[in-house]
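This report describes the fold of one protein chain for a reader who is new to structural analysis. Please keep the sequence and the model in view while reading.

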Amino acid sequence: MGLRTRRRRTGARGRAKPALLVACGAGVAALAASLDKRRRHMVRDRTAALLRRGAEQARRRGQYAAGVAKGAAYRVSPGKGEDEREYDDVTLARKVESEIFRPADAPKDSVSVNVQHGVVELRGEVKQPEQVKALGEAAGRVAGVKDVHNLLHTPGSPPKHSPPSDPEEVRERAAEPSPATGAAGDPPSSAATG
């Protein structure tokens, strides 16, 4: 009981050392020899529990130290940052949506987000001209976005159109392996380019 109370009061700094536990165990064994059978078993069981707790704490500390070391190695290793990670188009679209629709007053119902080969297209109508610029900038800050085509417009202004694609650029993108599958993408159909 005294050892348990001492540990509670002293906190992490006053933890018993393994050598101290062994010495205590030897002393307890000597004491147990002089006690009756019931008390000897109680002392034995409490000593075994104390040693098990010490072993479990040592195992947890080892796991924690290994996790800290792994995290430190991850932070300093080159090429492991989130900015260099490539996402498939669907994942990237969800990341952009979660970023630009985070504010409570975001126009979730009137703006659509499309992503093709890492290029984000924002389409729809917003109430204020400031929202057009703010949503485009927020989409551009998302990790993995290569470019943003901001086609948003305000009421009374004509909708914007996508810039025409360079045919050579389209062929190059189609030949690149997809981040999700690793295979070359399908060439765009004539219905998708119209």
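Of the 194 residues of the protein chain, 21% count as buried, where buried means under 20% relative accessible area, exposed means over 50%, and partly exposed lies in between (1.4 Å probe, protein chains only). The model is predicted, so that local features need pLDDT of at least 70 and side-chain atom pairs count only at pLDDT 80 or more, whereas totals for chains, interfaces and linings use all residues. Residues are numbered from 1 along each chain as its sequence is written, and side-chain values use heavy atoms, with hydrogens and water left out.

**Overall layout**

The protein chain contains seven helices and three strands. Helices (H or I, at least four residues) and strands (E, at least two) are DSSP runs, numbered from the N terminus. Their pattern along the sequence is α-α-α-α-β-β-α-β-α-α. Among the contacts in the protein chain with a separation of 6 or more, 52% join residues 24 or more positions apart; a contact means heavy atoms within 4.5 Å.

**The sheet**

The three strands form an open sheet in the order β1-β2-β3, with mixed pairing. Two strands pair if DSSP finds at least two bridges between them. The edge strands, β1 and β3, each pair on one side only. On average, neighbouring strands of this sheet are turned by 15° against each other, direction ignored. β2 and β3 run parallel and are joined by seven bridges. E121 stands opposite H149 in β3.

**Helices against the sheet**

Axes are lines fitted to C-alpha atoms, for helices over the stretch in contact, and angles run from 0 to 180 degrees between N-to-C directions. α4 packs on the sheet and touches β1 and β2, while α5 lies across β1, β2 and β3. The table lists the angles that involve these two helices.

| Pair | Angle |
|---|---|
| α4 and β1 | about 145° |
| α5 and β3 | about 160° |
| α4 and α5 | about 135° |

Two packed helices are described by the angle between their axes and the distance between the axes. The axes of α4 and α5 are 9 Å apart, and the helices pack at an angle of about 135°. That makes α4 oblique to α5, because angles under 35 degrees count as roughly parallel, over 145 as roughly antiparallel, 65 to 115 as roughly perpendicular and the rest as oblique. At this contact, V96, E99 and I100 in α4 meet L135, A138 and A139 in α5.

**The nonpolar core**

In soluble globular proteins, nonpolar side chains tend to be buried together. A nonpolar core is a set of buried Ala, Val, Leu, Ile, Met, Phe, Trp, Tyr and Cys residues joined through side-chain atoms within 4.5 Å. Here the largest nonpolar core has 20 residues, and those with the most contacts inside it are V96, I100, V113, V120, L122, L135 and L152. Two or more residues come from each of α4 (89-100), β1 (111-116), β2 (119-125) and α5 (129-140). Leaving aside residues up to four places away in sequence, L135 touches I100, P107, V111, L122, V126 and L152.

**Two loop residues**

H117 lies in the loop between β1 and β2. Its phi is near 55°, a positive value in a residue other than glycine. H117 counts as partly exposed because its relative accessibility is 26%.

Residues up to four places away in sequence not counted, T154 touches E125, V126, K127, Q128, P129 and V132.
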